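Trainee: Could you take a close look with me at the aromatic rings in this protein? I would like to see how they pair up.

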Amino acid sequence: MKADLAMFGGKPAVRAAYRRLEWPVVTDADREAVGRVLDSRKFTVGAKNEAEIHGLEREWAEFCDTRHAVSVNSGTVALELALAALGLGPGDEVIVPALSYVATAMAPLYSLAVPVFVDIDPVTFNIDVTRIEEKITNRTRAIVPVHLGGLPAEMDEILALAKKYDLLVVEDAVQAQGGTYRGRTCGSIGDAAVFSLNVEKSIPTCGEGGLVVTDREDVAERIRSLRILGEDLSTEERLYVSATRGSNLKLSSVLAAFTRSQLARFWDYQHKRDANTPVFVDRLAQLPGIVVPTVPDDRTHMWHMLRFRFDPRAAGLDGVSPGRFRAALRRALLAEGVPLTHYQIIPLPGQPVFQDQNAYGNGLPWSLPGTNPQRYDLADYPVTCQVIEDSLCLRRMHLNPEAGPALAEYATAFERVWDNLDRVGKFARAMPYEPPWHSVPNGPRLPEANTEAKAA
Ligand SMILES: Cc1ncc(COP(=O)(O)O)c(C=O)c1O
């Protein structure tokens, strides 16, 4: 007999303890690392013989196969400083994907540069490399590919374009710590790369932090200065003399010590994820109408996030639009206890900050003389819109190294929902529906033809 769905009063498939898993995993080794700093009384990078920040920077550079790693207090700051240190200036254009965390697109504003968005690839969810060239102008200075969800972007194509047009490449490797692309480590492929250590990342700290990696000595040196009010660091004794504008953006020693401890057991955790995540993904792949993450042979997936697309036709639900199918599945699977989330409810160019061109007032930096006008129209990002409208994600904390049994229950929940697709389809047809980006207060709208009506 078919089990009744939890959304219709049945018992949820996933036990309560598996509905929210813990991440980061904190062990005695982490406690010992933090305690070591408290006992040493060396809390900042400037303390004499400070060991943890310097140790983390050395180990992170080694981990990424780069010559330098410079720590800062978040991944966002890492990207802001990387672009600034590479020489980005007012009115320059930076190409970014239309799907990422908003920090990717916001960071150029730090240098008064403007983001230019490119639609994503429907399979990898990374920047669509076939659509970059049409966005390159006389003002383009850099491309920031994001290794979204843990899957490296098409770096060879991006490097070729960068060479052709003399552009900088900064990898946003925040979600792909430890990943590889054609044998190269994420972070070592572009001119510089950035990482975040926030608590959701695979190698976290106990708070916020970030790192820039690069082979370029000059860039590393500039970031070291920018993170401490632009001070001139060429003298042995600190003279408190600022050569340029900067801010106080340093990481603390406690946070560095915690991350070193997590870094030391990262591969152990990753191997466990490499064992249990594909088992889960393969079970879901058996269900018609679920499109599971793809891993091309030439790169690794670091399982930071899993995105599943839902195709109502392949599931046998003709006449139900992908948006409605996804919305009904969200209701059904959340009721079963599967902790699915959206990751972005709107393409980045649709964010009010870009729609209203509201950064520093007076339309700056978009209003700077000589700056190319930007048109942030959602209709230019059809794939990103479709992916946001027809997919749901499972995030980092639910892919922790011990998540195997929880993932098995999530798979059972999906199977139960698929056993009842006729009822889910009926629910999907009758429910009130709006695309996810309509939840953005005063957010942009798309012509109906681009969303539900087109899909159905
Ligand atoms: C792709 C991406 N870039 C940049 C960032 C910014 O990192 P942070 O939160 O440390 O500022 C994040 C944060 O999660 C991210 O996912």
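**Aromatic ring pairs**

Mentor: Happy to! Let's begin with the setting: this is a predicted model, and 58% of the 456 residues of the protein count as buried. The secondary structure comes to 14 helices and 12 strands. With a radius of gyration of 23 Å, close to the 23 Å that the globule rule gives for 456 residues, the protein is as compact as a globular protein of that length.

Now to the rings. A pair of aromatic rings is described by the distance of the centres and the angle of the planes. The protein has 20 aromatic pairs. One of them joins Phe117 and Phe354, whose centres are 5.4 Å apart with 65° between the planes, an edge-to-face arrangement. Find Phe117 in strand β3 (residues 114–118) and Phe354 in helix α10 (residues 352–355): the pair links distant parts of the chain, 237 residues apart. Both Phe117 and Phe354 are buried.

Next, look at Phe266 and Trp267, another edge-to-face pair, with 4.7 Å from centre to centre and 65° between the planes.

Methods: Residues are numbered from 1 along each chain as its sequence is written. This is a predicted model: local features need pLDDT of at least 70, side-chain atom pairs count only at pLDDT 80 or more; totals for chains, interfaces and linings use all residues. Side-chain values use heavy atoms; hydrogens and water are left out. Helices (H or I, at least four residues) and strands (E, at least two) are DSSP runs, numbered from the N terminus. The radius of gyration is taken over C-alpha atoms; the globule rule is 2.2 Å times the number of residues to the power 0.38. Buried means under 20% relative accessible area, exposed over 50%, partly exposed in between (1.4 Å probe, protein chains only). Rings of Phe, Tyr and Trp (its six-membered ring) pair if their centres lie within 6.5 Å; planes under 30 degrees apart count as stacked, over 60 as edge-to-face and the rest as tilted.
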